[in-house]
Amino acid sequence: GKLWAQAGHEVRFSSRHPENLDPLVAASGPNGSRSSIDKALVFGDVFLISIPYGSLPVFGEQYGSQLSGKIVMETGNPYPERDGDVAKRVLDSGLGTGHWSARWLPGTRLVRAFNSVWDQTLVREAHRMPPQVGVPLAADDTEAAEIVAGLVRDAGFDPVLVGPLSRAREFDVGTPVYNTNMSGPEVRNVMRLPHAGTTLR
């Protein structure tokens, strides 16, 4: 959020305790602000949800109708020791987070994004000289994926368009590209994806 604010986007930060966000808002400059979750849902055009994965079903029940039709980046990862039965269900299914996130956030233009890169890497490596850190993206909505890819670039990273939400499992916890700080070209090599600028016939 801070990177987007610094890139010129208006950013509204929110949580259950928005009063605790003042330092982040201050560090984001004039384009950053904070509010309650309900007010943020009215404010935004594109949303990034970064909460413990075990909280996602309840979050979807509570706020899903307000997010319907909106582009939503969802970043959570299922850890059984933290997220309990929700994480176990996701991992045991073998379907990957894309399947379950879409189930709990129906009606959204969902993009799995930013889950595979450690937050401290985002802080430290933004806008570095190429090759930039790769951020894999998966979405069933092609336009939403392209919009999020632009936001990834604005934040100073290399968006790696992997494919539909079903392929989000390829950059979930435990995969070869998860939390590795790989560059975009390295991620594409490992995932056997075409490199940026490649034309397929």
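Which residues do ring pairs link into a cluster? Tyr-53, Trp-100 and Trp-104.

1. Basis. This is a predicted model, with residues numbered from 1 along each chain as its sequence is written. Local features need pLDDT of at least 70, side-chain atom pairs count only at pLDDT 80 or more, totals for chains, interfaces and linings use all residues, and side-chain values use heavy atoms, leaving out hydrogens and water.

2. Aromatic pairs. The structure holds four (Phe, Tyr or six-membered Trp rings with centres within 6.5 Å; planes under 30 degrees apart are stacked, over 60 edge-to-face, the rest tilted). Phe-59 and Tyr-63 have ring centres 4.9 Å apart and planes at 50°, so the pair is tilted. Both lie in helix H4 (residues 56–67), four residues apart, about one turn of the helix. Helices here are DSSP runs of H or I, at least four residues; strands are runs of E, at least two; both are numbered from the N terminus.

3. Burial. Phe-59 has a relative accessible area of 14% and is buried (under 20%; exposed is over 50%, partly exposed in between; 1.4 Å probe, protein chains only). Tyr-63 is also buried, at 9%.

4. The tryptophans. Trp-100 and Trp-104 form a tilted pair, 5.5 Å centre to centre, with 35° between the planes. Both lie in helix H7 (residues 97–104).

5. Thr-75. This residue sits in the loop between S4 and helix H5 (80–83). Thr-75 is buried, at 10% relative accessible area. Its contacts (heavy atoms within 4.5 Å), leaving aside neighbours within four places in sequence, include Leu-48, Arg-112 and Phe-114.
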